[in-house]
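Hi everyone, thanks for coming.

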Amino acid sequence: MLSRAKPAISAAPPPASTSTVDKKRKVPKLEHFISARDYTGAITILEFSKAIGKFDYDTQLWLGYTNFHLGDYRKAMELYQNMLQDHNCDPLINLYLACCYFFLGMYKEADEAAQRGPTCKLQNRLLFHLSHKFNDEKRLMGYHQNLQDVIEDQLSLASIHYLRSHYQEAIDIYKRILLENREFLAINVYVAMCYYKLDYYDVSQEVLAVYLQHYPDSLIAINLKACNHFRLYNGKAAEAELNTISEKMSAAFRFADDLIKHNMVVFRGGEGALQAFPGLLDVIPEARLNLVIFHLRNDDIIAAFNLMKDVEPSTPQEYILKGIVNAALGQDQESRDHLKIAQQYFQLVGGSASECDTIPGRQCMASCFFLLKQFDDVLIYLNSIKGYFYNDDTFNYNHGQAKVAAGAYVEAEDILLMIQSEKFKGEYAYLSHLSKCYIMNKKPRLAWELYLKMETSSESFSLLQLIANDCYKMGQYLYSAKAFDVLERLDPNPDYWEGKRGACIGVLQQIISGEESKDNLREIITLLRNTSNPQVEYIVRIIKKASCNRFVGFSASVLAEPCFCFGSGTVGTETAEEKHPPNPRPFPVHRHHRARIMAEEDLEAEFLARERELLGDDALLFGNPLVAAPSAAAAPTAAFSADPLPVASAVPASSLFDPEPSSPFAPQPVLFAAPAANGAAPGSYDFDAGIQTSNAIMASMTQSFPPVSSNGIDGYGGPVEVEPESVRAWRENFEMTIADRDARSTAKNDDTARAAKESLERFYAEYNDKKNKTIARNKENEKIEASREDALAGTIWERVVRLIDTSASGGAAGSKLKEKIKVGDIGKDDKVKKQAPNTKDTTRMKSLLINLKSDKNAPGANEI
């Protein structure tokens with residue numbers, strides 16, 4: 001502070017220049033604010049004039065003008081209503097009031113006020129737009145014929161094209177005006193809006209940049225730029241654009257406030273939709289559509305349907321949403337009527353000339369064929385647009401389902417795995433389709449893991465059924481057996497036992513052929529023993545015999561039980577071995593293993609003894625040599641030897657576990673036949689020399705089910721059980737009931753198909769009739785327009801000359817008179833005598849008009 005060399009303030013203020021003083025004292029003029037589009041400043045000047053008593057007629061007109069352009073239509077309306085109280089008021093005020101009514105959505109009042117106004121171009125344009133709002137096509141075409149080739153009328157025509165979704169026609173008009181008037185920069189905004197509607201967002205952005213270079217604070221232009229960013233990038237980029245203008249706006253600036261509020265909700269992904277959209281339903285048309293989308297995304301299908309049920313669609317977006325809502329409701333309520341309506345809406349949009357080559361149009365055709373279950377056609381349309389939806393979960397979800405339905409499981413798996421939405425990944429439809437892909441692509445373990453991650457529910461039960469059946473069909477028997485085992489424990493249905501039994505045998509066949517690991521034997525034996533069925537123990541024994549005879553060096557611990565490949569009887573004494581020489585051993589038997597074998601045989605003998613004690617002589621019905629033997633120690637070793645077993649009878653593989661009706665343990669009909677390895681016929685496996693064939697295995701397994709002779713006596717001499725009369729009567733009644741039910745169902749299906757066909761034919765007939773009428777009407781309008789253009793072509797004198805007869809005869813009467821004179825009949829026709837003196841010569845008038853036509857400097861020659 002002590003070193004300051006320059007004073008902080010001067011001793012005396014510098015004298016102000018006269019120009020600065022003049023500028024400060026100069027009052028801004030109204031014209032300055034109007035030319036700068038500063039309507040708030042203009043209103044301030046006008047309100048000041050009103051406050052000091054200078055509220056004349058012109059001040060009121062300017063105040064209404066500024067309020068209207070500022071977007072305060074209500075205030076402008078009240079001002080014009082007050083002006084119309086004066087009986088000497090200009091009738092033109094009625095048109096200004098009608099414009100206010102129009103922008104407030106009061107179309108009936110606008111029409112009445114416009115009719116009271118004077119006939120002029122503004123009235124014609126206003127009534128032209130009102131006819132569009134009233135959907136009065138005849139009235140619309142009437143006012144359309146009154147439009148002239150002036151900028152205001154052409155802009156009005158282009159706006160109607162835009163509102164009727166004829167965007168290319170609107171662009172043509174705007175471009176023609178721009179070529180003649182390049183200073184009309186605002187038309188670039190209109191062209192950009194048309195390109196936005198045509199989904200050319202990058203082109204729209206380029207055209208819009210021309211206007212933003214001159215007027216960077218235009219709210220309409222910035223809002224359109226934000227919409228382009230939303231389509232090209234994401235909602236955050238769009239929101240950032242709107243925030244730049246929102247921060248600069250004052251609290252008093254209310255223009256397009258509803259538009260900004262609506263778009264902010266859209267850019268934020270629906271946040272605050274229930275607070276913003278309901279109040280905008282009758283203000284912004286898109287608010288209703290976006291609220292419907294919000295309800296659909298939140299699974300509130302009924303609310304979405306209630307919003308759309310009374311809407312008469314007129315734009316492609318409305319048709320599409322009507323179709324989506326009906327499709328969602330039809331799937332939710334299993335309603336064929338709603339699904340049919342949805343299919344028709346999708347077909348209308350996808351088949352229209354204006355939408356067939358757009359992305360939404362192709363999506364609609366894909367949806368139409370999806371509902372018709374024509375998935376090959378679905379894929380044609382989806383493949384054509386998949387490049388635009390690479391990371392879109394909804395598109396990939398539908399695309400994956402279509403691929404699965406068409407049998408392209410490899411591609412379907414890749415597409416379904418691209419989905420990131422946790423909501424989709426938790427749905428049963430996603431899990432079932434992905435499981436089917438895994439199974440068909442030979443990855444059953446992944447499908448099984450999907451089931452293990454699910455909670456117990458009806459959906460998990462359905463997924464189990466899918467895994468069980470599809471794995472069985474694809475020869476993946478291990479996971480099929482696991483799924484059938486769980487199904488059997490959840491629901492003791494004999495069909496699940498049949499499936500598990502066949503799947504377990506399939507695993508055994510795959511182990512024998514080397515397709516599966518022998519370690520899986522323990523698992524299938526465990527799965528079989530989870531069922532309390534008399535066939536289990538027989539199946540387990542045969543599995544053990546087959547496995548031990550097939551695999552040399554196979555460990556007994558794999559089976560979780562002692563292996564029966566070692567001979568029973570007296571082991572360890574030379575006398576016994578000499579008397580009954582043992583069969584060749586696959587590998588040396590350790591003494592500890594022998595002890596375990598003896599213990600197991602004792603346990604088995606004890607079990608069979610108890611069984612025989614309980615059943616008595618009926619135990620012989622099982623036909624098992626172990627049961628018939630007095631003890632396990634006396635059982636013949638050949639039953640478990642490595643030598644081929646003798647084939648007692650050629651038992652087909654299809655009867656592997658299907659005993660004759662005389663068996664006391666005859667199960668229900670087999671749903672799943674025993675599978676064959678490598679696609680060969682059942683029972684045709686060729687093993688190495690010295691190994692028993694599968695036919696021998698099946699023969700030994702079915703020894704407990706004796707055949708029935710032709711005389712009704714079974715293999716043990718017992719009579720065959722005859723079906724009781726009551727059972728036979730019930731069976732016949734049941735078959736008749738089923739036949740009657742099938743007949744009624746067939747008739748109902750035929751009636752439904754016939755009604756659907758008639759409805760579809762009626763729809764196409766009405767559609768074609770309406771289309772033909774529209775084509776005829778358009779052709780008629782084109783003729784009228786062409787004749788109108790021909791009539792208005794050229795100067796005023798050229799149009800006059802076209803309306804008169806320029807022939808040299810000078811009129812019809814003179815021509816007729818000359819003909820009479822030429823033929824000499826003038827004296828015979830009294831009428832001609834009377835007309836001849838009164839005939840006027842118009843030749844001079846005609847020549848005068850012809851000269852005016854060719855004279856470029858004639859009065860009115862330059863007027864169009």
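Here is the overall picture: this protein has 864 residues, and 38% of them count as buried. Please keep in mind that this is a predicted model. On secondary structure, the protein holds 42 helices and zero strands.

Let's begin with some loops. Threonine 119 sits in the loop between α7, residues 107–116, and α8.

Moving along, α8 covers 121–133 and α9 covers 137–145, and the loop between them contains asparagine 135. Asparagine 135 has a positive phi, near 55°, although it is a residue other than glycine. Asparagine 135 is exposed too, at 69% relative accessible area. Serine 165 also shows a positive phi in a residue other than glycine, near 65°. You'll find serine 165 in the loop that joins α10 (151–163) to α11 (167–180).

Now for some helix packing. Take helix α25, residues 409–417: its buried residues are Tyr409, Ala412, Glu413, Ile415 and Leu416. Why are they on the same side of α25? Because they cover an arc of only 170° around the axis. And what do these buried residues of α25 pack against? Their partners are α24 (393–406) and α27 (428–440).

Helix α27 brings us to serine 435, which is found in that helix. Serine 435 has 0% relative accessibility; buried means under 20%, so serine 435 counts as buried. Which residues does serine 435 touch, if we leave aside its neighbours within four places in sequence? The contacts are Ala447, Leu450, Leu463 and Leu466.

Next, a pair of helices. In general, two packed helices are described by the angle between their axes and the distance between the axes. Helix α30, residues 477–490, and helix α32, residues 520–528, pack at an angle of about 25°, and their axes are 10 Å apart. Angles under 35 degrees count as roughly parallel, so that is the description for α30 and α32. Their crossing is left-handed. Who meets whom here? From α30 we have Leu478, Ala481, Lys482 and Asp485, and from α32 we have Asn520, Glu523, Ile524 and Leu527. The residues of this contact divide into four nonpolar, one polar and three charged.

One last stop: aspartate 491, in the loop between α30 and α31 (494–513). Its relative accessibility is 29%, so aspartate 491 counts as partly exposed. Setting aside neighbours within four places in sequence, aspartate 491 is in contact with Phe461 and Tyr496. Aspartate 491 and phenylalanine 461 are 30 residues apart in sequence, with 9.8 Å from C-alpha to C-alpha.

How values were computed: Residues numbered from 1 in each chain as written. Predicted model: local features only at pLDDT ≥ 70, side-chain atom pairs only at ≥ 80, totals over all residues. Heavy atoms only, no water. Buried < 20%, exposed > 50% of the residue type's maximum accessible area, 1.4 Å probe, protein only. Helix = DSSP H or I, 4+ residues; strand = E, 2+ residues; numbered from the N terminus. Arc of directions from axis to C-beta. Contact = heavy atoms within 4.5 Å. Axes fitted to C-alpha atoms, helices over the stretch in contact; angles between N-to-C directions. Parallel < 35°, antiparallel > 145°, perpendicular 65-115°, else oblique. Left-handed = near helix turned anticlockwise from the far one by under 90°. Nonpolar A, V, L, I, M, F, W, Y, C, P; charged D, E, K, R; others polar.
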